[in-house]
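Visitor: Can you walk me through how the helices pack in this one? I'll jump around a bit.

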Amino acid sequence: MRVDQRLIAEMIAPRARVLDVGSGDGTLIDYLYRTRSCDARGIEIDMQNVTQSVAHGLPVMHGDADHDLADYPDDTFDYVVLQRTLQAVERPREVLRQMLRIGRHAIVSFPNFGHWRLRLQLLTTGRMPMTSVWSTPWYSTPNIHPCTIRDFLLLCEEEGYVVQQWLAIDEDGARAPWRRSIRLANLFGEQAMFLLSRAGH
Amino acid sequence: MDISASQSIADGPVYTHRTVRLDDGLDLECGVHLAPLEIAYCTYGTLSPARDNAILVCHALTGDQYLAEQNPLTGKPGWWDRMVGPGLPIDTDRYFVVCSNVLGGCMGTTGPRSICAQTGKAWDSEFPPITMHDIVATQAKLIDYLGIDRLFAVIGGSMGGMQALTWAADFPDRVFAAMPIATSPFHSAQNIAFNEVSRQAIFADPDWHDGHYRDFDAIPARGLGVARMMAHITYLSEEALSRKFGRRVRHDAATAVPASSSPSLFGEMFEVESYLRHQGSTFVRRFDANSYLTITRAMDYFDLAAEHDGDLANPFRKSQTRFCVVSFSSDWLFPTSQSRLLVRALNRAGANVSFVEIESDRGHDAFLLDEPDFDRTIRGFINGAAEHAAFLAGER
């Protein structure tokens, strides 16, 4: 399991109801079911991944974040997880709203477009930056809504979400030591991870 | 199975099916009380002491209970014997598998060929109209009789999937897991239309005799054969037909219309024509026209949402059943869009749903054929559900 997935799993209480949006090969929900006794389900857009997950006995359905969250009733889940996908959905704000409608908590991870290497590349070359995290050229990237950690925090504020926990991590998912300063995290964190809840919770 | 007698052409050969007879009968949705009720069934594997390892497999429109053994009527292997057996995806080393002939069928369960207790004569076309709920209620009586409180799983493709859904809707506490395959929560207008053409073909046969063909020692073989030919096209796909037959012409003097001295419009026969004729002619030997009409009508009536205030989520609210919905990409009879409708409703109900569309170019019939991804899906879903059942049992 990836290090960032382990960090996500650590945020989730045992026996919780979890929906992993973009569950990939099902690693996280398998882990949550086996080690934390969670009722963990997945939605995945890639059919091969779906088939592989179901063939491993995991409850995964074919679908995607933009179209399939609206069906669930309010408060169906304790946690709704969106890993490294927010930047690739059609309507990120709406997806977040749905996540926090159907779940009491949302766990969101995304690559930080505010990282210094990206800023430097744009400044010095005048071209769209390419790094190991942002590795596809602009004309073929699925990442249509990149944002920085500060952008995301601002959106949470506008939408009234409570940031219960956040951390910046490096590319491999290891925790980076920028917990105290948002400014530093936004400059040096390659990825960010947020645990959100609705106001009033 | 013994061939006890070979009666008239209309009755067809008579076999001794394994049957349970329930004298208290069944109240049908239409109001008719049907008694006695006979249910023909097959079982595979062993029921566990806790009686918690039973899987009910529901057959499709023209299927029967001979799931994983030689069919005594056709001599062919069981219709799903590549899926059900020791070590197979539906593993009879672990599970007790039950398959029964549907109500209204012609393989031993009460249907149009049965004797009506009131008149002492066969029902024939007077057999009361039945619904998917009646079909499932009949199966529930068999499950009661077998001493099974809750089914570990109900699995079925096509009309069998309608039954799996009906089980989950009508008996939510008796179904731990449900697998509706290549099916829909309602029968579409297009499918009703195909059924209607099938039925009109039967009615147009001079041997139909208003459904009392057996009194005339006849069967509406041409009508039923045409019905089957047309239905068979809907089970395939253009790709499958092209791959299998293309435009090849059959150069077999025995089956083609004899060449005469003058050129003939039908002097040659395309392979696809020959194939369909074969499908039609073998079908009429094993299936009863009145059963065909009764069961297709039950499919036409099927609309789970309409019965629940127009919301398909309603019958599944608070359902604890684990669902696995499977569709096939080239199935245009029960397309993926209808499975997706079902999945969305199950999500609205907050049910536990897996949903896979299997890539295949073989149309609706793909669920009966060798599709490795489909096999893996069935095996995985069953194993996952079993693990979860054991987990819940450990919790208790």
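Visitor: What do the buried residues of α4(B) pack against?

Guide: The buried residues of α4(B) pack against α3 (189-203), α6 (271-286) and α7 (289-301) of chain B. Helices here are DSSP runs of H or I with at least four residues, strands are runs of E with at least two, and both are numbered from the N terminus. This is a predicted model, where local features need pLDDT of at least 70 and side-chain atom pairs count only at pLDDT 80 or more, while totals for chains, interfaces and linings use all residues. Residues are numbered from 1 along each chain as its sequence is written, and chains are lettered from A and ligands numbered from 1 in the order in which they are written.

Visitor: Which residues of α4(B) are buried?

Guide: Gly223(B), Leu224(B), Gly225(B), Val226(B), Ala227(B), Arg228(B), Met229(B), Ala231(B) and Tyr235(B). Buried means 20 or more other C-beta atoms within 10 Å of the residue's own, exposed means 12 or fewer, and partly exposed is in between, with C-beta atoms placed from the backbone.

Visitor: How many residues does α4(B) have, and what is its reach?

Guide: α4(B) covers residues 221-235, which is 15 residues, and reaches 21 Å from first C-alpha to last. That is close to the 21 Å expected at 1.5 Å a residue, where the expected span is 1.5 Å times one less than the number of residues.

Visitor: OK, α3(B) and α4(B). At what angle do they pack?

Guide: About 160°, with the axes 7 Å apart. Axes are lines fitted to C-alpha atoms, for helices over the stretch in contact, and angles run from 0 to 180 degrees between N-to-C directions. That makes α3(B) roughly antiparallel to α4(B). The classes are roughly parallel under 35 degrees, roughly antiparallel over 145, roughly perpendicular from 65 to 115, and oblique for the rest.

Visitor: Is that crossing left-handed or right-handed?

Guide: The crossing of α3(B) and α4(B) is right-handed. Right-handed means the near helix is turned clockwise from the far one by less than a right angle, and left-handed means anticlockwise.

Visitor: Which residues meet there?

Guide: On α3(B), Phe194(B), Val197(B), Ser198(B), Ala201(B), Ile202(B) and Phe203(B). They meet Gly223(B), Leu224(B), Val226(B), Ala227(B), Met230(B), Ala231(B) and Thr234(B) in α4(B). Contact means C-beta atoms, placed from the backbone, within 7 Å. By class, this contact has ten nonpolar, three polar and no charged residues. Ala, Val, Leu, Ile, Met, Phe, Trp, Tyr, Cys and Pro count as nonpolar, Asp, Glu, Lys and Arg as charged, and the others, Gly among them, as polar.

Visitor: And where α3(B) goes against α7(B), what is the crossing angle?

Guide: Roughly 160°, with the axes coming within 10 Å. That makes α3(B) roughly antiparallel to α7(B). The crossing of α3(B) and α7(B) is left-handed. From α3(B), the contact uses Ile192(B), Asn195(B), Ser198(B), Arg199(B) and Ile202(B). From α7(B) come Ala289(B), Leu293(B), Thr296(B), Met299(B) and Asp300(B). The contact of α3(B) with α7(B) has five nonpolar, three polar and two charged residues.

Visitor: Next, α1(B) and α2(B). What's the angle?

Guide: Helix α1 (132-145) and helix α2 (159-170) of chain B pack at about 75°, with their axes 9 Å apart. That makes α1(B) roughly perpendicular to α2(B). Met132(B), His133(B), Ile135(B) and Val136(B) of α1(B) make the contact with α2(B) residues including Met162(B) and Trp167(B).

Visitor: Switching topic: is Ile358(B) buried or exposed?

Guide: Ile358(B) is buried, because 25 other C-beta atoms lie within 10 Å. Ile358(B) lies in strand β16 (residues 352-358) of chain B. Leaving aside neighbours within four places in sequence, its contacts include Val326(B), Phe328(B), Ala366(B) and Phe374(B).

Visitor: And Ser37(A), where is that?

Guide: Ser37(A) is in the loop between α2 (27-36) and β2 (39-44) of chain A. With 13 C-beta neighbours inside 10 Å, Ser37(A) counts as partly exposed. Not counting residues up to four places away in sequence, Ser37(A) touches Pro14(A) and Arg15(A).

Visitor: Last one: how many residues does each chain give to the contact of A with B?

Guide: Chain A gives 17 residues and chain B gives 22 residues. On the side of chain A that touches chain B, the largest share, five residues, comes from α3(A).

Conventions:
Two residues are in contact if their C-beta atoms, placed from the backbone, lie within 7 Å.
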